[in-house]
Amino acid sequence: MDLAALYSAYADAVYGYLAFKLQDRQLVEDLVQETFLAAQEGLDRLETVHSPKAWLLAIAHNKMVDFLRRRPPDLPLIWEGAAVGDSSALFVEEALKQLADLERTIVYGLYVEGFTYRELAEMLSLPEGTVKSKAHNARRHLYRWLQEGER
Amino acid sequence: MSAPKEDYSELAWGLIYGKLSDGERQLALRLTATDPEFLEVLRLELALQKELARLKAAMPEAVKQRVYSSLTGSGSRVLVQEVLRTVLEEALPQMLWPVMKILERSVLASEQL
């Protein structure tokens, strides 16, 4: 798979993940570019990865973490509710706001990207057991939110 | 509903996202028909899938094209910049001499007037 094919298949996923995590759309765009530049340099590793999408999102995640470590402390970049056009997403945002950042990321990976625990563990450089237990906590919370919404 | 069984959540999620082995799929389908607790977890997982799908943001087409142009152009742009810098560093002093001559002449001409 070359850069063009990789970009065509996964640019939306990389952008979607970064847009979910960050407010600043220009920064998201820059990080998408950095992600694919890094991927281009590591294209030879692609054949050994389990999931190209998880591999790319891992690169995007690391680029974002690196940036956030270096950013000025007064820059408000972190997710405070996704900037999604769909107004009905507001209900979901309310529920997600109650979760810790890592739990939100795991929920996004599980339900939006359909990643397995293994893929999420690789993406976030965490043990699979940690991802499982965080997912379980997040689910408990989200089930409760859904059930309360139905009453 | 009390806290759901973790296995049930994973099984229901796997059934929805097509991540189960044949054996797990058979089990999930059997539980759907026989266990109300699993059915409730499956219902909640389906609701979560539907709600959270709204968070998926597609990359705007203009942004997609701009980023791709930058990606494919960035390698050659760096090369062009490097070549240009070298050429200018080498050539600029020589290019400046004729300009200096013109300036000198115009200054002299002004003095003679």
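## Crossing of H6 and H7 in chain A

A crossing is called left-handed when the near helix is turned anticlockwise from the far one by less than a right angle, and right-handed when the turn is clockwise. The model discussed here is predicted. In it, H6(A) passes H7(A) in a right-handed crossing.

Helix H6 of chain A covers residues 117–124 and helix H7 of chain A covers residues 128–150; they pack at an angle of about 110°, and their axes are 9 Å apart. Angles of 65 to 115 degrees count as roughly perpendicular, so H6(A) and H7(A) are roughly perpendicular to each other. On the H6(A) side the contact involves A:Tyr117, A:Arg118, A:Leu120 and A:Ala121, which meet A:Glu128, A:Val131, A:Lys132, A:Ala135 and A:Arg139 in H7(A). By class, this contact of H6(A) with H7(A) has five nonpolar and four charged residues, and no polar ones.

## Helix H3 of chain A

Helix H3 of chain A runs over residues 52–70, 19 residues in total. From its first C-alpha to its last, H3(A) reaches 27 Å, close to the 27 Å expected at 1.5 Å a residue.

The buried residues of H3(A) are A:Lys53, A:Ala54, A:Trp55, A:Leu56, A:Leu57, A:Ala58, A:Ile59, A:Ala60, A:His61 and A:Met64. Their cover includes helix H1 (3–21), helix H2 (25–41) and H6 of chain A.

## A:Glu103 in helix H5

A:Glu103 lies in helix H5 of chain A, residues 101–112. Its relative accessibility is 12%; buried means under 20%, so A:Glu103 counts as buried.

Leaving aside residues up to four places away in sequence, A:Glu103 touches A:Lys134, A:Asn137 and A:Ala138. A:Val131, one of the H7(A) residues that meet H6(A), is 28 residues from A:Glu103 in sequence, and the two are 8.4 Å apart in space, C-alpha to C-alpha.

## Crossing of H1 and H3 in chain B

In chain B, helix H1 (residues 6–17) and helix H3 (residues 36–52) have axes that come within 9 Å and cross at roughly 55°. H1(B) and H3(B) are therefore oblique to each other, and their crossing is right-handed.

The H1(B) side of the contact consists of B:Tyr8, B:Ser9, B:Leu11, B:Ala12, B:Trp13, B:Leu15, B:Ile16 and B:Tyr17. The H3(B) side consists of B:Glu37, B:Phe38, B:Val41, B:Leu42, B:Glu45, B:Leu46 and B:Gln49. The residues of the contact of H1(B) with H3(B) divide into 11 nonpolar, two polar and two charged.

Technical notes
Residues numbered from 1 in each chain as written. Chains lettered and ligands numbered in written order. Predicted model: local features only at pLDDT ≥ 70, side-chain atom pairs only at ≥ 80, totals over all residues. Heavy atoms only, no water. Axes fitted to C-alpha atoms, helices over the stretch in contact; angles between N-to-C directions. Helix = DSSP H or I, 4+ residues; strand = E, 2+ residues; numbered from the N terminus. Parallel < 35°, antiparallel > 145°, perpendicular 65-115°, else oblique. Contact = heavy atoms within 4.5 Å. Nonpolar A, V, L, I, M, F, W, Y, C, P; charged D, E, K, R; others polar. Expected span 1.5 Å × (residues − 1). Buried < 20%, exposed > 50% of the residue type's maximum accessible area, 1.4 Å probe, protein only.
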